[in-house]
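Visitor: Walk me through this model, please. I want to learn how to read each feature as we go.

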Amino acid sequence: MPSLEVCLTPELIHLYPADGKIVVVTDILRATSCMVTALSEGIESITPVSTTTECRELQKLGYLAAAERNGEQVEGFDLGNSPLSYLENNFTGRKLAMTTTNGTLAINKSKNASELLIGAFLNLSVLSDYLKACHHDLLIVCAGWKGMVSYEDTLFAGALATKLGNSFEIGCDSAMLSIEQYANTNDDLLSAIKKSSHYKRLHNLKISKDIEFCIDVDRYALIPRLDHNQLVSL
Ligand code: 3SL
């Protein structure tokens with residue numbers, strides 16, 4: 001039976017070798033929710049980069065450029081990190097370059113996976129169906145916040161592991177913790193996420209609408225997959 005592990009923060013990634021595994025990177029608030037939304041709403045591809053300098057270089061080449069630091073849009077870029085931007089504008093067919101505080105960093109640290117996928121509540125069921133069909137060792141990498149564990153990413157890991165059920169063997173205690181933590185939400189994600197530190201951070205920046213959007217479970221049926229440094233629809 002394939003194994004399922006959860007790495008709760010990229011700071012622990014050295015303990016979870018990704019090679020030979022499918023890796024699902026998640027950053028519920030808001031990077032991976034944004035990626036699922038952007039591709040579902042017509043963006044052709046997303047190039048995730050770690051630095052604003054790399055993002056700006058791609059912007060000069062004609063990419064639409066999204067940059068976020070500490071929850072806010074970085075000056076000089078076209079977009080920040082709100083999934084709602086992709087509903088409010090028509091970016092069909094555009095290539096997007098994206099850098100965020102934690103999400104794109106987590107992707108770059110997971111690049112030696114045999115397959116790198118993007119997970120969010122927005123694409124939970126389609127992702128779990130795909131992973132069940134793959135029958136392959138799985139590592140869920142939570143982006144966290146500046147090296148720390150994030151409650152909402154842990155809940156997503158638990159939700160995905162719960163959906164995968166008996167098709168996977170639980171490979172580490174953090175996978176078990178995530179499952180138990182998710183069970184404690186009793187399907188009331190909003191109340192649970194309101195307790196998280198990133199909820200408070202975004203709430204203080206008056207970004208509450210994004211949070212409700214990011215927990216709209218199964219809004220989309222698309223899985224972003226990394227292919228030659230670009231995320232495209234699987
Ligand atoms: O850290 C990240 O990658 C972002 O998702 C954080 S924020 O939601 O844009 O503040």
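Guide: Start with Asn184, which lies in the loop between α7 (173-183) and α8 (189-193). Helices (H or I, at least four residues) and strands (E, at least two) are DSSP runs, numbered from the N terminus. This is a predicted model, in which local features need pLDDT of at least 70, side-chain atom pairs count only at pLDDT 80 or more, and totals for chains, interfaces and linings use all residues. Residues are numbered from 1 along each chain as its sequence is written, and side-chain values use heavy atoms, with hydrogens and water left out.

Visitor: Is Asn184 buried or exposed?

Guide: Read the relative accessible area: buried means under 20%, exposed over 50%, partly exposed in between (1.4 Å probe, protein chains only). Asn184 has 54%, so Asn184 is exposed.

Visitor: How far apart are Asn184 and Lys132 in sequence and in space?

Guide: They are 52 residues apart in sequence. C-alpha to C-alpha, Asn184 and Lys132 are 24 Å apart in space.

Visitor: What about Asp153 and Ser178?

Guide: That pair is 25 residues apart in sequence and 9.1 Å apart in space, C-alpha to C-alpha. Asp153 lies in helix α6 (residues 151-164). Its relative accessible area is 0%, so Asp153 is buried.

Visitor: Where is Ala159, and how far is Ala159 from Tyr182?

Guide: Ala159 is also placed in helix α6. Ala159 and Tyr182 are 23 residues apart in sequence, with 6.0 Å between their C-alpha atoms. Ala159 is buried, at a relative accessible area of 1%.

Visitor: Now a strand. Which residues does β7 span?

Guide: Strand β7 covers residues 115-119, and Glu115 is placed there. Why do both count as buried? Because Glu115 has a relative accessible area of 13% and Leu116 has 4%. Leu116 and Tyr86 are 30 residues apart in sequence and 23 Å apart in space, C-alpha to C-alpha.

Visitor: What joins the side chains of Glu115 and Tyr130?

Guide: A polar contact. That is a pair of N or O atoms within 3.5 Å; within protein, one must be able to donate a hydrogen and the other to accept it, and residues adjacent in sequence count only if both atoms are side-chain atoms. Between the side chains of Glu115 and Tyr130, the contact is 2.7 Å.

Visitor: And which contact joins Ser82 and Asp210?

Guide: Their side chains are joined by a polar contact of 3.0 Å. Ser82 lies in the loop between β5 (72-73) and α3 (85-88). At 17% relative accessibility, Ser82 counts as buried.

Visitor: Let's turn to the backbone. What is the phi of His228?

Guide: About 50 degrees, a positive phi although His228 is not a glycine. His228 is found in the loop between β10 (224-227) and β11 (230-233). His228 is exposed, with a relative accessible area of 75%. Asn229 is placed in the loop between β10 and β11 as well. Phi of Asn229 is near 70 degrees, again positive in a residue other than glycine. With a relative accessible area of 43%, Asn229 is partly exposed.

Visitor: Which peptide bond is cis, with omega near -5 degrees?

Guide: The bond from Leu29 to Arg30. Arg30 lies in the loop between β2 (22-26) and α1 (31-40).

Visitor: Which residues come nearest to the ligand?

Guide: A residue is near a molecule if one of its heavy atoms lies within 4 Å of it. Of the 14 residues around the ligand, Asp27, Arg30, Thr100, Asn102 and Gly103 come nearest.

Visitor: How much of the ligand's accessible area does the protein cover?

Guide: The protein covers 100% of the 290 Å² that the ligand has on its own. Such areas come from the Shrake-Rupley method with a 1.4 Å probe; for residues, only the protein chains shown count as cover.
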